[in-house]
Amino acid sequence: MADELTYKHFTPYAAKADEEYMNSSQLAHFRGILEALKQQLIEDIERTVHTMKDEATVFADPNDRASQETDIAIELRNRDRERKLIKKIEETVELINSGDYGYCAACGVEIGIKRLEARPTATLCIDCKTLEEVREKQMAK
């Protein structure tokens, strides 16, 4: 799903030597990535709706019907995840608008351009995210 999305096919940002972190050109770069990702997700959701309408077939065989229902359930689960990602993208654009984008929500340090290009909706630096994952793992035991 996410690997196929167009934001993975962007030109990486080439930072200049003494460039200020999260300046207007960097923010524009990430806004473009987020908008392309959101557009791709919206198109995928619309395509799924049209496909599901077109392929709505009533099978006489219970196995075929069960297989179709399983496929539809998986597709709907994927679209729900994409819908949640669209919401997260919109929240991230709000962070760009407010000037808070690119800084860790937990400790306030710079997240880093490379990390943001890998995951443009990231809100935590790598250290805080690692710590969060360790805590989640400990709570699951």
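Me: Into which domains is the protein chain divided?

Reply: The chain of this predicted model has a domain 1 covering 22–99 and a domain 2 covering 102–140. Taken over C-alpha atoms, the centres of domain 1 and domain 2 are 23 Å apart. Domain 1 brings 12 residues to the contact, and domain 2 brings 8 residues.

Me: Which residues of domain 1 lose the most area to domain 2?

Reply: They are Met22, Phe30 and Lys88, which together make up 49% of what the domain 1 side buries.

Me: How many salt bridges and how many polar residue pairs are counted between domain 1 and domain 2?

Reply: The count of salt bridges between domain 1 and domain 2 is 0. For polar contact, the rule finds 1 residue pair across the interface, with both residues at pLDDT 80 or more.

Me: Which elements give two or more residues to the side of domain 1 that touches domain 2?

Reply: Those elements are helix H1 (24–54) and helix H2 (62–98). By residue class, the side of domain 1 that touches domain 2 has 7 nonpolar, 4 polar and 1 charged.

Me: Met22 was named at the interface. Where does Met22 lie, and is Met22 buried or exposed?

Reply: Met22 lies in the segment before H1. Its relative accessibility is 9%, so Met22 counts as buried. The backbone of Met22 also deserves a look: phi is positive, about 55°, although Met22 is not a glycine.

Me: Next, Gln26. Where is Gln26 placed, and which residues does Gln26 touch?

Reply: Gln26 is in helix H1. Leaving out residues up to four places away in sequence, Gln26 touches Tyr13, Glu19, Glu20, Tyr21 and Ile113. One of these, Glu19, is joined to Gln26 by a side-chain polar contact of 3.4 Å.

Me: Why does Gln26 count as buried?

Reply: The cut-off for buried is under 20% relative accessible area. Gln26 has 2% relative accessibility and therefore counts as buried.

Me: Now salt bridges. What can side chains of opposite charge do?

Reply: Such side chains can pair when their charged atoms come close. A search of this whole structure finds 8 salt bridges. Among them is the pair of Glu90 and Lys38, whose closest N and O atoms are 3.0 Å apart.

Me: Which parts of the chain does the pair of Glu90 and Lys38 link?

Reply: The pair links distant parts: Glu90 belongs to helix H2 and Lys38 to helix H1, 52 residues apart. Glu90 is partly exposed, with a relative accessible area of 38%, and Lys38 also counts as partly exposed, at 26% relative accessibility.

Me: What separates Lys87 and Glu91 in helix H2?

Reply: Lys87 and Glu91 are 4 residues apart in helix H2, so about one helical turn separates them. They form a salt bridge with closest N and O atoms 3.0 Å apart. Lys87 is partly exposed, with a relative accessible area of 49%. Glu91 counts as partly exposed at 42% relative accessibility.

Me: With which residue does Arg79 form a salt bridge, and how are the two placed in helix H2?

Reply: Arg79 forms a salt bridge with Glu82, with closest N and O atoms 2.6 Å apart. Because they are 3 residues apart in helix H2, Arg79 and Glu82 are separated by about one helical turn. Glu75, Arg79 and Glu82 are linked in a network of salt bridges.

Me: Are Arg79 and Glu82 buried or exposed?

Reply: Arg79 counts as buried at 17% relative accessibility. Glu82 is buried too, with a relative accessible area of 1%. Beyond residues up to four places away in sequence, Arg79 touches Asp44, Ile45 and Thr48.

Key. Residues numbered from 1 in each chain as written. Predicted model: local features only at pLDDT ≥ 70, side-chain atom pairs only at ≥ 80, totals over all residues. Heavy atoms only, no water. Domains from an automatic or database assignment. Contact = heavy atoms within 4.5 Å. Buried area = accessible area lost by both parts, 1.4 Å probe. Salt bridge = Lys/Arg side-chain N within 4 Å of Asp/Glu carboxyl O. Polar contact = N/O pair within 3.5 Å; in protein donor to acceptor, adjacent residues only side chain to side chain. Nonpolar A, V, L, I, M, F, W, Y, C, P; charged D, E, K, R; others polar. Buried < 20%, exposed > 50% of the residue type's maximum accessible area, 1.4 Å probe, protein only.
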